Amino acid sequence: MEDSHLARCLENAPGAPPLSLFGVFDGHGGAEVAKFCERYMVDEFLRLREQESDLGTALVKSFHRMDDMLRDSRYDSTRTNAQTLQKAFGRDNGMVVHGMAKHMKY
C-alpha cells in the first residue's frame with residue numbers, strides 16, 4: 001500500500017482550544033513520498049505554527065515545505081533512491097522518477 005497517515009494531538013497555547021492534526025497521504029507520488037510526509041509533516045507544522053498567527057496558513061506552508069524538503073539533499077533517503085534509479089537507467093539530466101514527487105528534477 002502506498003498510502004500513509006498521521007493522527008496527532010498537539011500541545012496548544014495555554015487557554016487555547018485543543019489542537020489535533022490529521023492527514024492522509026495518498027501515495028500518488030509514491031510510497032516513499034507518503035512516508036516522508038508522515039514522518040516530517042507534524043514537526044514542520046509545529047515549527048511554522050509558531051511563526052504564523054493563522055493555523056490555515058501554517059498548514060498550507062507545511063505542505064509547501066514538504067516539497068522543498070523532498071528536493072533537499074539533507075533529507076536524502078528519498079533523494080538517494082531517485083539518484084540510484086537515475087544511474088540504473090543511465091539518465092542524469094532532468095529525469096522525473098515515477099514514485100517520487102511529480103515535478104522533482106535531479
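The structure is a predicted model, in which local features need pLDDT of at least 70 and side-chain atom pairs count only at pLDDT 80 or more, whereas totals for chains, interfaces and linings use all residues. Residues are numbered from 1 along each chain as its sequence is written, and side-chain values use heavy atoms, with hydrogens and water left out.

The secondary structure comprises three helices and two strands, which follow the pattern β-β-α-α-α along the sequence; helices (H or I, at least four residues) and strands (E, at least two) are DSSP runs, numbered from the N terminus. Of the 106 residues, 38% count as buried, where buried means under 20% relative accessible area, exposed means over 50%, and partly exposed lies in between (1.4 Å probe, protein chains only). The protein exposes about 7200 Å², of which carbon and sulfur atoms supply 51%, as computed by the Shrake-Rupley method with a 1.4 Å probe. With contact taken as heavy atoms within 4.5 Å, 42% of the contacts between residues at least 6 apart in sequence join residues at least 24 apart.

Ser 4 is found in strand β1 and is buried, with a relative accessible area of 4%. Apart from neighbours within four places in sequence, Ser 4 is in contact with Gly 23, Val 24, Phe 25, Ala 34, Lys 35 and Glu 38.

Six salt bridges are counted, each defined as a side-chain nitrogen of Lys or Arg within 4 Å of a carboxyl oxygen of Asp or Glu. One of them links Arg 47 and Glu 44 at 2.8 Å, N to O; because these residues are three apart in helix α1 (residues 31–51), they are separated by about one helical turn. Glu 44 also forms a salt bridge with Arg 65, the closest N and O atoms being 3.1 Å apart. Since Glu 44 lies in helix α1 and Arg 65 in helix α2 (residues 55–71), this pair ties together parts that are 21 residues apart in sequence. Both Glu 44 and Arg 65 are buried, while Arg 47 is partly exposed at 36% relative accessibility. A further salt bridge joins Lys 61 and Glu 52, with the closest N and O atoms 2.6 Å apart. Through salt bridges that share partners, Glu 44, Arg 47 and Arg 65 are joined into one network.
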